[in-house]
Amino acid sequence: MSRNKGHNYERELVQLFRKHFPDLTVERGLGQTRHGSDCPDVEMPHFWIEAKRGKKTNIKRALRQAFIARDARKEDDYRTPIAICRDDREEATATLMLSDLMPMLVMWVEQEEKSRGDIRRSMALSVAKDEWLDAPKNSYTKEEWVDLYE
């Protein structure tokens, strides 16, 4: 029952992402049967999506699982891990590292400022975004994730 619930949730997320990103290839990750290695629950460019659905999900454990699976791949994979969890009778939540969220927020706010015509603020945000993107990232390694949450 819970395995079906998880698979159905993955399908639901695939449909949601396809609706919002029609130009991207989005599909369910079929794991070892297709690629011979770990893969995300939802395959798409830019993001490694780990989906959890159940009575009481553990979003930190899901995010850790996404990092460990991504980092275990033989080739370099730079997709941003995101854990999307939905507890029974609750709204879904998404979690990612703050260092991954900040550039997205800066770009979103910059676009909002441009659309409102506040060019001066938009230019300041553009400089902040460039500084953030050039700064070293504090991404955790597989070993650090294991130490943090086990």
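Biologist: What should I know about the model before I start?

Modeller: The model is predicted, so local features need pLDDT of at least 70 and side-chain atom pairs count only at pLDDT 80 or more, while totals for chains, interfaces and linings use all residues. Residues are numbered from 1 along each chain as its sequence is written, and side-chain values use heavy atoms, with hydrogens and water left out.

Biologist: How many salt bridges does a search of the whole structure find?

Modeller: Side chains of opposite charge can pair when their charged atoms come close. Here the search finds 7 salt bridges, each being a side-chain nitrogen of Lys or Arg within 4 Å of a carboxyl oxygen of Asp or Glu.

Biologist: Which residue forms a salt bridge with Glu43?

Modeller: Arg79 does, with the closest N and O atoms 3.0 Å apart. Arg79 lies in the loop between helix 3 (59–72) and strand 4 (80–87), and Glu43 in strand 2 (residues 42–44), so the pair ties together parts that are 36 residues apart in sequence. Helices (H or I, at least four residues) and strands (E, at least two) are DSSP runs, numbered from the N terminus.

Biologist: Are Asp77 and Arg79 buried or exposed?

Modeller: Both are buried, and Glu43 is buried too. Buried means under 20% relative accessible area, exposed over 50%, partly exposed in between (1.4 Å probe, protein chains only). Asp77 and Arg79 also meet in a salt bridge at 2.7 Å, N to O. Shared partners join Glu43, Asp77 and Arg79 into one network.

Biologist: What about Arg70 and Asp71?

Modeller: Their side chains meet in a salt bridge at 3.0 Å, N to O. Arg70 is buried at 11% relative accessible area, whereas Asp71 is partly exposed at 33%.
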